[in-house]
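This report walks through one protein model, from its sheets and cores to its metal site and backbone exceptions. Please have the sequence and coordinates open as you read.

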Amino acid sequence: MRGTLIAVVEDETSIAEVISLYLRRAGYQVQVYHDGQAALNGMERQMPALVVLDIMLPSLDGFALTRWLRDRSDTPIIMLTARREESDRIAGLEMGADDYVVKPFSPQELVSRVRAVLRRANKSAQDSAETPLVFTDLHIDPLSRTVIVAEQEQFLTAKEFDMLWWMARHPRQVFTRDQLLESIWGLSDYIDPSTVTVHIRRLREKIEANPSEPRHLLTVWGVGYKFEP
Ligand code: CA
């Protein structure tokens, strides 16, 4: 299995380097951003599994990025706080950060926090895995594996259902074809990525009022696909 992607948003290059070194050694993929706006642009294209976020950053600070992230995803956030001031930590947690580490910190401790936060996030994702998702014109029930579109049941193949369920559970997150292959088929090396394209097309025919102008299953040009709630 490929490494889980962690974004490290930290303007101090020496700290960013040490963090990414330790995370890579622990088996994670790491994307480093040195300022807030670059991080926002990058995460809009590809949402990481977790964000290590410094508070004091050029262009957009860690608080602004936390608000932006919480508007669109449950991606866990671990804040790096430069000051020992409690107020920063409380503000971060209240905005939705999952944990924080006070500088100076041991990189090994940060890696342990990353592991723990990801474990918690996966557990709560499992707990919500059996709850139906209801959108205005679309109802997806994971237990009976039924999909209802505008009050009509649609019959999906097993993989079509798996793909719709996966994408709908990660709204607005952009997936490449390889990521979808890995998440839904689990064997990205042995299946043609065009399989994903075919499944997206069939799903659009089943769940979109107008498949040529989809409202839920959107193409993100040059990257992949996303589900818009
Ligand atoms: Ca900083």
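In which loop does Glu151 lie? Glu151 sits in the loop between β8 and β9. The model is a predicted one. Glu151 has a positive phi of about 70°, although it is not a glycine. Its relative accessibility is 80%, so Glu151 counts as exposed.

Most residues other than glycine have a negative phi, and most peptide bonds are trans. Arg172 has a positive phi of about 65° and is not a glycine. Arg172 is found in the loop between α6 and α7. At 37% relative accessibility, Arg172 counts as partly exposed. Two glycines also have a positive phi. Gly186 follows α7, with phi near 75°. Gly222 lies in the turn of the β10-β11 hairpin, with phi of about 80°.

The peptide bond between Lys103 and Pro104 is cis, with omega about -5°. Pro104 is placed in the loop between β5 and α5 (107-127).

**The parallel sheet**

Strands of a sheet pair through backbone hydrogen bonds, either parallel or antiparallel.

Strand β1 (residues 5-9) runs parallel to β2, and five bridges join them. Leu5 has Gln29 of β2 as its bridge partner.

Helix α1 (residues 13-25) contains Ser20. At 6% relative accessibility, Ser20 counts as buried. Beyond its neighbours within four places in sequence, Ser20 is in contact with Val30 and Val32.

**The calcium ion**

Which residues supply the protein donors of the calcium ion? They are Asp11 (OD), Asp54 (OD) and Met56 (O), lying 2.1 to 2.3 Å from the ion. In sequence, the donor residues are spaced D-x42-D-x1-M. Asp54 counts as buried, because its relative accessibility is 2%. Met56 counts as partly exposed, because its relative accessibility is 48%.

The table gathers the accessibility values quoted in this report.

| Residue | Relative accessibility | Class |
|---|---|---|
| Ser20 | 6% | buried |
| Asp54 | 2% | buried |
| Met56 | 48% | partly exposed |
| Glu151 | 80% | exposed |
| Arg172 | 37% | partly exposed |

**The antiparallel sheet and hairpin**

A second open sheet has four strands, in the order β6-β7-β8-β9, and its pairing is antiparallel. Here the edge strands are β6 (133-135) and β9 (152-154), each pairing on one side only. Neighbouring strands of this sheet are turned by 20° against each other on average, direction ignored. Three bridges link β6 and β7 in the antiparallel sense. Val134 stands opposite His139 in β7. Helix α6 packs on the sheet and touches β6, β7 and β8. Its direction makes about 110° with that of β7.

Strand β10 (residues 217-220) pairs with β11 in the antiparallel sense over four bridges. Thr219 stands opposite Tyr225 in β11. The two strands β10 and β11 form a hairpin with three residues between them.

**Cores and helix α7**

The largest nonpolar core has 24 residues. Those with the most contacts inside it are Ile140, Val147 and Met167. At least two residues each come from β7 (138-141), β8 (146-149), α6, α7, α8 and β11. Helix α6 gives the most to this core, with six residues. Apart from this core lies another, of 19 residues, among them Leu40, Val51, Ile55 and Leu65.

Val147 touches residues including Leu138, Ile140, Phe161, Leu164 and Ile207.

In helix α7 (residues 177-185), the buried residues are Leu180, Leu181, Ile184 and Trp185. Seen down the axis of α7, they fall within an arc of 105°, so they line one face of the helix. What covers the buried residues of α7 includes α6 (158-168), α8 (194-207) and β11 (224-227).

How values were computed
Residues are numbered from 1 along each chain as its sequence is written. This is a predicted model: local features need pLDDT of at least 70, side-chain atom pairs count only at pLDDT 80 or more; totals for chains, interfaces and linings use all residues. Side-chain values use heavy atoms; hydrogens and water are left out. Two strands pair if DSSP finds at least two bridges between them. Donors are N, O and S atoms within 2.8 Å of the metal (3.2 Å for Na, K and Ca); water is not among the atoms, so sites may look incomplete. Buried means under 20% relative accessible area, exposed over 50%, partly exposed in between (1.4 Å probe, protein chains only). The arc is that of the directions from the helix axis to the C-beta atoms. Contact means heavy atoms within 4.5 Å. A nonpolar core is a set of buried Ala, Val, Leu, Ile, Met, Phe, Trp, Tyr and Cys residues joined through side-chain atoms within 4.5 Å. Axes are lines fitted to C-alpha atoms, for helices over the stretch in contact, and angles run from 0 to 180 degrees between N-to-C directions.
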